[in-house]
Each structure stands twice: as C-alpha cells, then as structure tokens.
Amino acid sequence: MLVDMANRWVGITIDCANPKRLASFWSAILRIPATAEHGDDPGWATIGSRFDSRPRLTFQRVAEPKTGKVRIHLDIEVDDIEAGRRQVENLGGRWSGERHDYDEGVVMVMRDPEEHEFCLVQYFR
C-alpha cells in the first residue's frame, strides 16, 4: 500500500575535515548565514536551517580524506562567470581548469577548499 505523505528536501550533508572552514566558504558564496543547529559540536557546522524554504548545507567532520571524484555536486548560478571564479579563489577555492561553453551558457568546474567539486554556471538570457 502506498502511503500519501508530504516529503520535503531539507538539506545536503558534506563530509569534510574542517566543518567550520567549509561552512564559512559556502556561506560567503551562497550568502546564506551560518546557524547553530548543531550546537557547539566542532564536528558539525551548518548554513541555513531545516526550517527555511530552501535546503540547508551541513558539514560533517570525517576522518577519511576525500579520494576520487564526487558523484554529486552543486551548481551555483552566477551573473558573471569570471567574477564568480575570482570570488571562489579569493575565498580559498580554486578553478579546476575545466570550462564548458554551451549555447545556453558557460560552466566552470570549481573546487572548494577541501577539493569538493562544484560548478559555477552563467546562463545566457
């Protein structure tokens, strides 16, 4: 029997070595404030809230280093691809060197301070 219930996407959790540093990086990129939903536990940091209308990002300390390519990533829309790249680099991230130019826009593969891949996307209107 199929139960009719409302499901809601509330967040993404990212494994990392330094939750506070990554929360600060992503808070600045997305302009979402850090929250204290995990209290003062140094193994966790969060931006946004599970009570917000958009999903939060939670950073969880793990002992294992990142290895290999992540099979899911965030796409961040920017108004200016080069300005977005500079912002990421100024905050401690980096450009991977990979860029894709499409009819609908430009995609640059970036890395956060712990080498998680994400894409900056500038759509042409």
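Ring pairs link Phe25, Trp26 and Phe118 into a cluster. Rings of Phe, Tyr and Trp (its six-membered ring) pair if their centres lie within 6.5 Å; planes under 30 degrees apart are stacked, over 60 edge-to-face, and the rest tilted.

This is a predicted model, where local features need pLDDT of at least 70, side-chain atom pairs count only at pLDDT 80 or more, and totals for chains, interfaces and linings use all residues. Residues are numbered from 1 along each chain as its sequence is written, and side-chain values use heavy atoms, leaving out hydrogens and water.

**The ring pairs**

The structure holds three aromatic pairs. Two of them are tabled here.

| Pair | Centres apart | Angle of planes | Type |
|---|---|---|---|
| Phe25 and Phe118 | 6.2 Å | 70° | edge-to-face |
| Trp26 and Phe118 | 4.6 Å | 65° | edge-to-face |

Tryptophan 26 lies in helix 1 and phenylalanine 118 in strand 8, so their pair ties together parts 92 residues apart in sequence. Helices (H or I, at least four residues) and strands (E, at least two) are DSSP runs, numbered from the N terminus. Phenylalanine 25 is buried, at 2% relative accessible area. Phenylalanine 118 is buried too, at 0%. Buried means under 20% relative accessible area, exposed over 50%, partly exposed in between (1.4 Å probe, protein chains only).

**The core**

The largest nonpolar core has 22 residues; Trp26 and Phe118 are among those that touch the most other members. Helix 1 gives the most to this core, with five residues. Such a core is a set of buried Ala, Val, Leu, Ile, Met, Phe, Trp, Tyr and Cys residues joined through side-chain atoms within 4.5 Å.
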